[in-house]
Amino acid sequence: MFDVPVGQGPVHAALLMGPRLVRPVPAEVTEALLSAQITATAGERSGFQLAFDLTRNGLISRRLLPEGFFDPKTRVVVTVTVRGTSDVLFDGLVVRQEVGASNQPGHSTLTVTGEDLTLLMDLEERTAGYPNLPPWERVLAIVRRYSGYGIRPDVYREKIAQPPHQDLRVHYQTGTDLQYVTELARANGYTFYLEPGPAPGHSSARWGPEVRLGVRQHALNVNMDAHSTVDQLTFAYDGTAREEPQARWQDPANRQSSLLPQPSISPLRPPLGKRPTPALKRRTLSGTAKQQRAQAEAELLARAAVSADVVSGSGSLDVNRHGYILQPRRLVGVRGAGRAYDGDYYVKSVTHHLRPGSYQQNFTLSREGLEARGDHVRP
Amino acid sequence: MAELESYESALDAVPGAHPYPRTSRYHDVGIGIHRTADGTEVRYAGRRLLPPLPDGPEETRAHTVAAGERPDLLAQRYFGDPGQWWRIADANPVLDPDELTGEAGRTVRVPLAGGFPGGGRRV
């Protein structure tokens, strides 16, 4: 019945490149693609590495490479379609290229490495004052400068409001935009990252708490015979990872210093495990006495939240068998790992390995305690 | 404990917080709430508007229907998932999916993989 040739399988990848607006690459470039590796981590910059076959008389070595098709600051967008559903995996810029010329025919390769669009924010240093703007409005003002690349701000109010006082202090930025935005995120327990999508050429800049609410992704099944979707999954439980920060604050009116009360981190990180791990270490934050009270409280909350994740998992899966792409920086359920380690996890980072005929993902998961909170996991 | 429990049900109050999966054709439709006379709330999926039809031959490929074919077989063949037959029905467009493969010899337009329907937020 089916004598017509079928497509290349259920996974289709597309590569789009261009100086600022991207367009699909010529067919010769797609055919020369040997492998693509894309890494996306929560709170860090994403990166990619593409390897191309560099035949001597091919289009790439004859025309595209000398004419600057792979030059630094060229924009690269990678999209992947699994079972008819498309996703943008990456949106970034070329940073460096390597050519490996080989004596054996067919072994010359061109390797292109790059980083995501936050690189744009890290290029030039800037000195700018932000009088009377709370942190989230400062971030909004910075992110709006990059709307030419299709970056849409996705900025949230900080959890502990820090009303600005122009008379007391004007906040100044020294360094690059990315450094300043990341520093503000860290001071509030937030993360800053660019999430590509939903359409090619668009991405949203998220400055806010990690997405630990909402719909879970399709569960990772392990040790379930034919229903297993994960090749391997390893968990680690590090009891010393969690620390209880302590902050002392001095009241400028009467010079009395007092220990700030321990904040509840659940507004920033809703609990995923039933049994939270007690903090073994106690650390004292430095420099909080001189800050404004709200700022010191925010820093205390941020430090307490960042160190809360003690359970980490890592593993790899085959997208063809799993049927879905595991997205980083979102929640996912785990089934079949036993009562202690089943339940919902936050996907900390995902590395996509694409090559013709295979699509593998390596991932790391994290949460703050053992045992699942709910009695079921979304399949 | 009350504070902890509120997280598990925090999203239940938000309409449309539990959307259809991304593979579903109802993924991008809004979830409406209808209040009946006695005050109970009934949720319903809003009307789904078809995306614009593909224009040129670059966006679709032609498939000539053979005897015994079904829309789900076509979807398995071109997309790798039989549940995606609605993409073919959308591109042609037909209301009754059986109409697609009803008579052998008809030419059906199959959309190419890689389309980005709608623009809903992922988070």
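Trainee: What ipTM does the predictor give the complex?

Mentor: Keep in mind that this is a predicted model. The predictor hands the complex a pTM of 0.85, along with an ipTM of 0.70.

Trainee: Where in chain B does pLDDT stay under 50?

Mentor: Chain B averages a pLDDT of 77, and 74% of its residues score at least 70. One stretch under 50 has twelve contacts beyond four places in sequence, and that is residues 1-8 of chain B. Another has 16 such contacts, and that is residues 118-123 of chain B.

Trainee: Over in chain A, why is one side of E9 and of E11 left without a neighbour in the sheet?

Mentor: The sheet is open, with three strands in mixed pairing, in the order E9-E12-E11. E9 (151-155) and E11 (191-196) of chain A sit at the edges, so each has a single partner strand.

Trainee: What does the twist average from one strand to the next?

Mentor: We're still on that open sheet of E9, E12 and E11 in chain A. Going from one strand to the next, the twist averages 20 degrees.

Trainee: Which residue of E12(A) does A:Pro153 stand opposite?

Mentor: E9(A) pairs with E12 (residues 203-208) of chain A over five bridges, in the parallel sense. In E12(A), the residue opposite A:Pro153 is A:Ala205.

Trainee: And which helix lies across E9, E11 and E12 of chain A?

Mentor: Look for a helix of chain A running at about 175 degrees to E9(A). Residues 135-143 of chain A form that helix, H4.

Note on methods:
Residues numbered from 1 in each chain as written. Chains lettered and ligands numbered in written order. Predicted model: local features only at pLDDT ≥ 70, side-chain atom pairs only at ≥ 80, totals over all residues. Heavy atoms only, no water. pLDDT = per-residue confidence, 0-100. Contact = heavy atoms within 4.5 Å. Pairing = 2+ DSSP bridges. Helix = DSSP H or I, 4+ residues; strand = E, 2+ residues; numbered from the N terminus. Axes fitted to C-alpha atoms, helices over the stretch in contact; angles between N-to-C directions.
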